[in-house]
Amino acid sequence: MELTKTEANCLLAIDQEVGQHRFSPAEYEIIRRVIYETGDFDYLSHLHFSDRALSAGAAALAARTAIIVDVPLIQAGIADAAQTTFVNPIYSEVEGHHTHNLTLLTQRYPEAVFMIGQQPTAVSTFLHLLEQDEIQPAFAIITAPKLVDVEATESHLGTLTIPHIRVTGRKGSASVAIGIFKGLIHLAWQVYAHRDPISGQ
């Protein structure tokens with residue numbers, strides 16, 4: 001995955017402003033992409049990485065796992081990166097004038113990569129499906145803004161055992177989800193581009 005000149009210059013400017021930091025190189029790749037997408041340096045302190053988040057997420061993308069997103073905006077924002085790398089199929093809860101209920105999509109792809117980036121109601125549905133053991137996500141990105149029931153939602157998300165990256169606090173948006181995805185797929189491509197993701201060769 002080659003960066004455009006504009007992307008490279010913007011990421012360099014971000015690096016210069018951030019300076020020294022406490023993140024691993026892989027975590028920082030995700031964070032700088034989120035800052036690039038949002039223009040908001042507050043995300044230096046608003047992203048949570050679960051155990052195995054980066055390794056599990058990269059492996060799932062490299063294995064061409066289906067991706068389920070909650071809004072078409074995210075689908076459009078990640079399509080190019082997906083199609084120029086591992087060609088993961090992407091399904092949106094809402095596509096054009098046709099509604100794809102999130103529950104129906106999860107019945108078809110219970111082990112998908114889930115990206116809940118915009119709709120708070122999709123977070124509730126996602127958590128319910130997890131509790132009922134109806135889905136076993138390979139990985140999740142959860143960045144929907146928390147406008148109501150902030151403490152309750154944070155509490156539920158804090159108990160997640162699946163590999164995931166999420167926004168803490170109220171800040172969240174589709175742009176954050178897109179930034180996380182672009183950083184993660186860049187990392188996955190560096191690791192898996194020249195070997196079979198299934199065999200590891």
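This report describes the sheet, the helices packed on it and the nonpolar cores of a predicted model.

An open sheet is built from six strands in the order 1-8-7-6-2-3, with mixed pairing. Its edges are formed by strand 1 (47-49) and strand 3 (90-92); each has a single partner strand, so one side of each is left without a neighbour in the sheet. From one strand to the next, the twist averages 15°. As a general rule, strands of a sheet pair through backbone hydrogen bonds, in either the parallel or the antiparallel sense.

| Strand pair | Sense | Bridges | Facing residues |
|---|---|---|---|
| Strand 2 (residues 67-69) and strand 6 | parallel | three | Ile68 and Phe114 |
| Strand 6 (residues 113-116) and strand 7 | parallel | four | Ile116 and Ile142 |
| Strand 7 and strand 8 (residues 164-167) | parallel | three | Ala140 and His164 |

Which way do the side chains of strand 6 and strand 7 point? In strand 6, Val113 and Met115 point one way, Phe114 and Ile116 point the other way, and all are buried. In strand 7 (residues 139-142), Phe139 and Ile141 point one way, whereas Ala140 and Ile142 point the other way; all of these are buried too. In a regular strand, the side chains alternate between the two faces of the sheet.

The length of helix 2 can be checked against its number of residues. At 1.5 Å a residue, its 14 residues should span 20 Å, and because its end C-alpha atoms are 20 Å apart, the two values agree. The buried residues of helix 2 are Tyr28, Glu29, Ile30, Ile31, Arg32, Arg33, Val34 and Ile35. Their cover includes helix 1 (5-18), strand 1, helix 3 (53-62), strand 8 and helix 8. After helix 2 comes Gly39, whose phi is positive, near 70°.

**Nonpolar cores**

The largest nonpolar core has 44 residues, of which Ile30, Leu47, Ile67, Ile74, Ile78, Met115 and Phe181 touch the most other members. Helix 8 (residues 174-192) supplies the largest share of this core, eleven residues. Apart from this core lies another, of 21 residues, among them Leu102, Leu130, Ala144 and Ile162.

With its neighbours within four places in sequence left aside, Leu47 is in contact with Ile30, Ile31, Val34, Arg166, Val167, Thr168, Val176 and Ile180.

Is Ser45 buried or exposed? Ser45 has 53% relative accessibility and therefore counts as exposed, the cut-off being over 50%. Ser45 lies in the loop between helix 2 and strand 1. Along the sequence, Ser45 and Ile31 are 14 residues apart, while in space they are 9.4 Å apart, C-alpha to C-alpha.

Gln75, in helix 4 (residues 72-83), has a relative accessible area of 18% and is therefore buried, as the cut-off for that class is under 20%.

Notes: Residues are numbered from 1 along each chain as its sequence is written. This is a predicted model: local features need pLDDT of at least 70, side-chain atom pairs count only at pLDDT 80 or more; totals for chains, interfaces and linings use all residues. Side-chain values use heavy atoms; hydrogens and water are left out. Buried means under 20% relative accessible area, exposed over 50%, partly exposed in between (1.4 Å probe, protein chains only). Helices (H or I, at least four residues) and strands (E, at least two) are DSSP runs, numbered from the N terminus. Two strands pair if DSSP finds at least two bridges between them. A nonpolar core is a set of buried Ala, Val, Leu, Ile, Met, Phe, Trp, Tyr and Cys residues joined through side-chain atoms within 4.5 Å. Contact means heavy atoms within 4.5 Å. Axes are lines fitted to C-alpha atoms, for helices over the stretch in contact, and angles run from 0 to 180 degrees between N-to-C directions. The expected span of a helix is 1.5 Å times one less than its number of residues.
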